[in-house]
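Let's take a walk through a protein model together. Keep the picture open while you read, and look for each piece as it comes up.

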Amino acid sequence: MEYNEGSLELHKKNRGKLEIKSKVPLNNREDLALAYTPGVGAVSSEIAAHPDRVRELTIKQNTVAIISDGSSVLGLGNIGPLAAIPVMEGKAILFKQFANIDAFPICLDTQDTEEIIRTIKNIVPIFGGINLEDIAAPRCFEIERRLKAELDIPVMHDDQHGTAMVVLAALINILRVKNMDKADIKLVVNGAGAAGIAIARLLLQYGFVNIIMCDSKGVLSTDRTDIAANPEKQELLALIPPAKSGSLTDAIAGAEVFIGVSKGNVLTADMVRLMSPRPVILALANPIPEIAPQLAHEAGAYIVATGRSDFPNQINNVLAFPGIFRGALDNHVNDITNVMLTKAAETLAQLVAQPTVDNILPDIFDPRVVPAVAAQIK
């Protein structure tokens, strides 16, 4: 792809994308005495005596840990913690650019659930929030669930909830463009991992009822014996309408909306032609979408969105996580709920006064986005 060489050069030239800068001057001995010893001892003593002042006197109020085990990086799969570093660095600069949050990339050299949980709990004193990132399903579900229950700061797996929130916002505006009701829409979600399951849950809560889930083996159905080993898929099956076993091709026939959170090039032009007239394609796999936008349009797609910034209609978590964590930190929210995410999605959608086929979401550089989302996390 055309950006690969330039991105490699950018990272090589700068040795990564992050650095640490001081908020205070260190120009003379007095500066040093205030920022470090002996003055800093009084700050530590104050916090020891009054732990509730830690957010007032340290960076904890504005820090988020971005934690990955490298097991599900973008659409590249289990490429490990070293290869995850550039992505986590990128996430950190997005936090800073869009929400002025100081985020730290932490890539763990373990994919053991208990060890990940234990490590996060041990490093949590300095952080005001935990952003779990690129951790494979089903392990990610248990890690998030346990940490949310055991920590007193917000924990969010962005691949689940950030993705779901932005997809819901996009669908709200797509319904406006197509003048359709959510109860009448047949949706096919391809990818029953972290993002796919979270999307389905949020859409069900919002009132979308006709959802078919597919994974790499085809349609999720009760007669699939392999699903018994996956409690998240089993739980979801109890919420969505019963479906017959079959392939993605079988599932997509007559569908109005395809939502892909799987891998590149799994949706063909022939499959698009099987959908209802003027279908909607949200091909969100990165860096290679499930189908190229031009190919989808040639096959009859009416609205096409991807996760990439070089195509129209970018559906990307950057519209979600900066504002979500800005609101959580500022409003001392310890539990980010689906109710909050739904309100944030509605607010995000409303930022586009007149959505069109090529403009279903606000631009990620729109300065209204972060404050609007943050205001709903309370």
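This is a predicted model, where local features need pLDDT of at least 70, side-chain atom pairs count only at pLDDT 80 or more, and totals for chains, interfaces and linings use all residues. Residues are numbered from 1 along each chain as its sequence is written, and side-chain values use heavy atoms, with hydrogens and water left out.

**The whole chain**

The chain has 16 helices and 10 strands. Both kinds of element are DSSP runs numbered from the N terminus: helices are H or I runs of at least four residues, strands are E runs of at least two.

How much of the chain is buried? Buried residues make up 52% of the 378. Here, buried means under 20% relative accessible area, exposed means over 50%, and partly exposed lies in between, using a 1.4 Å probe and protein chains only. As for contacts (heavy atoms within 4.5 Å), take those in the chain with a separation of 6 or more: 67% of them come from residues 24 or more positions apart.

**Helices that pack together**

Two packed helices are described by the angle between their axes and the distance between the axes. Axes are lines fitted to C-alpha atoms, for helices over the stretch in contact, and angles run from 0 to 180 degrees between N-to-C directions.

| Helix pair | Angle | Axis distance |
|---|---|---|
| H8 (158-178) and H15 | roughly 45° | within 8 Å |
| H9 (194-206) and H15 | about 80° | 11 Å |
| H6 (113-123) and H7 | roughly 35° | within 10 Å |

What do we call such angles? Under 35 degrees counts as roughly parallel, over 145 as roughly antiparallel, 65 to 115 as roughly perpendicular, and the rest as oblique. H8 and H15 are therefore oblique to each other, while H9 and H15 are roughly perpendicular.

H8 passes H15 in a right-handed crossing, and H6 passes H7 in a right-handed crossing too. A crossing is right-handed if the near helix is turned clockwise from the far one by less than a right angle, and left-handed if anticlockwise.

Now for the residues at these contacts. Between H6 and H7, the H6 side includes Ile116, Ile117 and Ile120, and the H7 side includes Arg139, Glu142 and Arg146. By class, this contact has 5 nonpolar, 1 polar and 6 charged residues. Nonpolar covers Ala, Val, Leu, Ile, Met, Phe, Trp, Tyr, Cys and Pro; charged covers Asp, Glu, Lys and Arg; the others, Gly among them, are polar.

In the next pair, Leu202, Gln205 and Tyr206 of H9 meet Asn338, Val339, Thr342 and Glu346 of H15. That contact has 3 nonpolar, 3 polar and 1 charged residues.

Most residues other than glycine have a negative phi, and most peptide bonds are trans. Now look at the loops on either side of H14. Asparagine 313 sits in the loop between strand S10 (303-306) and H14 (321-330), and its phi is positive, near 60°. Is asparagine 313 buried or exposed? At 8% relative accessibility, asparagine 313 counts as buried. Histidine 332 lies in the loop between H14 and H15 (338-350) and has a positive phi of about 55°. Histidine 332 is exposed, with a relative accessible area of 52%.

A cis peptide bond joins alanine 137 and proline 138, with omega about 5°. Proline 138 is in the loop between strand S3 (129-132) and H7 (139-150). Another cis bond joins asparagine 286 and proline 287, with omega about 0°. Proline 287 is in the loop between strand S9 (280-283) and H13 (293-298).

Finally, find glycine 77, in the loop between strand S1 (63-68) and H5 (80-99). With 26% relative accessibility, glycine 77 is partly exposed. Glycine 77 and lysine 263 are 186 residues apart in sequence but 9.4 Å apart in space, C-alpha to C-alpha.
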